[in-house]
Amino acid sequence: MTRSDDEEVDVPDPWTPLTRPRSSRRPSPPPTRRQVLRAAGLGIAGLGALGATAACGTPGTAPAAGAPLPAASPGEVVRLQYWAWLKDLQKVCDVWNAKNPSVQVEAVWIPGGNSGGYQKIFSALAAGSGPDLAQIEVRTLPSYLLQNGLADLSAYGFGDVIGSYDEGLASQVRLDGRLWGVPQDSGPIGFFYRTESLEAVGAQPPSTWEEWLEVARAIHGNDAGHWIDSFNAGDPTTFISIATQAGATWFKPEGEEWVIDMTDDATAAVATLFDTALDEGLLNTALPPFSVGWFAAAGSGAIASLVSGSWADALIEGTTGGEGQWRVAPVPTWASDPSLTKAVGSSYLGGSTAAITSTCAHPREALAFATWMTTDPEGIDAMIQYSGIGWSPASDYIGKARQQPSEFFSGQSYNTEVFQPAAQQQRTDWTWSPVTLQAINIVADAFRARLTGGYRTCLDALAAAQPQVVAAHRDKGLAVRAAS
């Protein structure tokens, strides 16, 4: 599992400017603060509105510092460090190192992003001694960009190969027309389910969310101690992923400002779905996915299914006695609601990049390694075998191991049947905000209050959270307004 969005969110203030001892060697001028914010959908206030943060400087406004850095000299051995929380990443690097003696990569393990890894990266970059490559989640990329912490990969020809990547992920690393990270993995969502649980009520995997609700009623009606899934109020990212699938746009650039809309029609549809399920007691609210209690419930059949990213397969395999009991189906869609005109077939949950930092002295070589790791079959297979990455970002290769049927999942070739098509059914216009992590925490608090009676519905909770998310943007000096 490579995502860290189920962990406690705690990132440093993204407005503390970085020192850049190697600034004279910066590969290309960083985008202006205005360009970055607008392109990322980050609209800004006038610099004069930055208030207290202005005293910290204005990241992204540094003057041009020179041409892209040249390649290493002939005979020079380049040594790179890659900070990441992937397990056994060094074994992947060793595959590369064996064939590339002039570019040697060392993996340095750090805690998961929000468990301390991001703090470590930020601190190192601020001290001018950061890694050459760093694992940064897609949703967190804008915060590092605003810190001038990333190398512009467009200056090194990454645009020539970006077509080798999944279109949805490529769109997530393209800001201001430039490319700021190498997609590393992701998680198209699917419907994991116990066959016995659905067969017990004569149900098939639901093809729409309306059918999902009916299956949930059948399961809970058959046994009050059984539920179709859990509702994890402390981690609303699954809710956000489904809202994205429905066509929601929470963070939208418009002119010079952000427009925040967390209660649009698509989000309201998702909120209504979950409110109905919660009010009828169809979802377990005590056992977050992958908690100790959840594994016990999933093993006994008390939890019948799970909507999650493709990477959840490895975790579900941890359920006791689960082999041959589980299968995977496409995630339910919003096809039964024709008003959701922007709805798509799937969505992503989680996803990381191999970002090349602005302090990297050899971005060309770092990019060559990162591109190999994420598009070359040898690199992808090594990442799956040793690091257990989520879904491959390459558009034409999912990995040798994932082309085979799975004994645990009832002999099903679920990767080719479910997740390969799901990866092609993604939104390409969703934009993360520079205060994404704060926004997720705010929504989590509101959803917790929904479960304890603080708010009557999920939509009420989101409506209450929205002003706080707006304020979080404003606190960072961003021009922002609520859509309604």
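In this predicted model, three strands make up an open sheet in the order β8-β9-β14, and their pairing is mixed. Its edge strands, β8 and β14 (480–482), each pair on one side only. From one strand to the next, the twist averages 30°.

Strand β8 covers residues 251–254 and strand β9 covers residues 257–260; the two run antiparallel and are joined by four bridges. Between β8 and β9 lie two residues, and the two strands form a hairpin. In the turn, G255 has a positive phi of about 65°. In a regular strand, side chains alternate between the two faces of the sheet.

The cysteines are a separate topic. How many disulfides does the structure hold? The count is zero. A disulfide would be a covalent bond between the sulfur atoms of two cysteines. The table lists the relative accessibility of two cysteines.

| Residue | Relative accessibility | Class |
|---|---|---|
| C360 | 3% | buried |
| C458 | 0% | buried |

Buried means under 20% relative accessible area. C360 counts as buried because its relative accessibility is 3%, and C458 counts as buried because its value is 0%.

Notes
Residues numbered from 1 in each chain as written. Predicted model: local features only at pLDDT ≥ 70, side-chain atom pairs only at ≥ 80, totals over all residues. Heavy atoms only, no water. Pairing = 2+ DSSP bridges. Disulfide = S-S within 2.5 Å. Buried < 20%, exposed > 50% of the residue type's maximum accessible area, 1.4 Å probe, protein only. Axes fitted to C-alpha atoms, helices over the stretch in contact; angles between N-to-C directions.
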